[in-house]
Amino acid sequence: MNIQHPDITIRYIKTKNKMRKITAYRSLDCNLRINHQKIYEFIEKRFTPSIFTKGYVRGLSIFHNARAHMYNDYFIMLDIKDFFQRIRHKQLIGKIYHELNLANPQQISKKECIDVVNMCSVSRRGIPLGFITSPILSNIYLKDFDCIFYGKLKQTSLNNIIYTRYADDITVSFKYEEREKIHEIEAIVMDIASTILSRYGLQINKQKIRSYNLNTSNHVRVTGINIIKNDFGKRSLTVGRKIKNALYWDAINCFESGDKDHAQRIKGMQSFILSIEKCGYESCFSDAMMKKVHLIGFDTLKQLIDYL
């Protein structure tokens, strides 16, 4: 049974494979959003996420998630099916109570944990995409999973095993010896993940299982960031040409049209790219593209964007 609330509205966003349901606040100053912000701040001060989760943690991003795997060779990527929607309230309540009282007992009562889950939900199971509280609650829910899963992975014979989770995206990597039976390894990793996730009412999305060998390919994409290996074996991180080309044309169009409405978004995207690649991101642009920048009156695209 869904809970109706005057402060929320439902909208749908089309993703690559399906329509995603988003539960949004009707306004930034509605009572529900204000209460959720208070709940989030209370929890954040008292909850320590697992060291394996890189999503929804202050100071961490997809960059840190990819960087953790930068020097491994083989990558297995799994996706938790309908993660947010399948979270069990009873288990979530128990985990909130446990985690928030770890450092200092009696930080929160079991009744208050029940109230938090009820206030941050719109149905009898799951937490909605779109609420301020959902990301941190999801990390509370899977903190035990992160630790147990990594512990089981460490019991295998895989060399330099690395595990990270970014929301519902699981990445496992290791140094790969060609003599190893990779299909057996993949089956073992997936079996471990599936068995432990079942304890939380969750399962792997079998349609989104992927694996990559950096010994036979020069790049692998981890949560939107490319790990690149050049001919000399040197590794680096990049956002990829598609994003940089989009930045280029957005910046050119913004400058030529005089429309400043999108300037902050463009500057934000450039900051994101620079945070990944540090410098030299313009090297992928063609001579004709850079000539256009020069004809406008700038030495670099960065100068043009900084001017916007």
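1. Both Y74 and Y176 are buried, meaning under 20% relative accessible area with a 1.4 Å probe and protein chains only. This is a predicted model, in which local features need pLDDT of at least 70 and side-chain atom pairs count only at pLDDT 80 or more, while totals for chains, interfaces and linings use all residues. Residues are numbered from 1 along each chain as its sequence is written, and side-chain values use heavy atoms, leaving out hydrogens and water.

2. The rings of F145 and Y200 have centres 6.3 Å apart and planes at 85°, so this pair is edge-to-face (Phe, Tyr and Trp rings, the last by its six-membered ring, pair with centres within 6.5 Å; planes under 30 degrees apart are stacked, over 60 edge-to-face, the rest tilted). The pair links distant parts of the chain, 55 residues apart, with F145 in helix 6 and Y200 in the loop between helix 7 and strand 6 (DSSP runs numbered from the N terminus: helices H or I of at least four residues, strands E of at least two). Both F145 and Y200 are buried.

3. One aromatic cluster is formed by F52, Y141, F145, F149, Y150, Y163 and Y200.

Terms used: Buried < 20%, exposed > 50% of the residue type's maximum accessible area, 1.4 Å probe, protein only.
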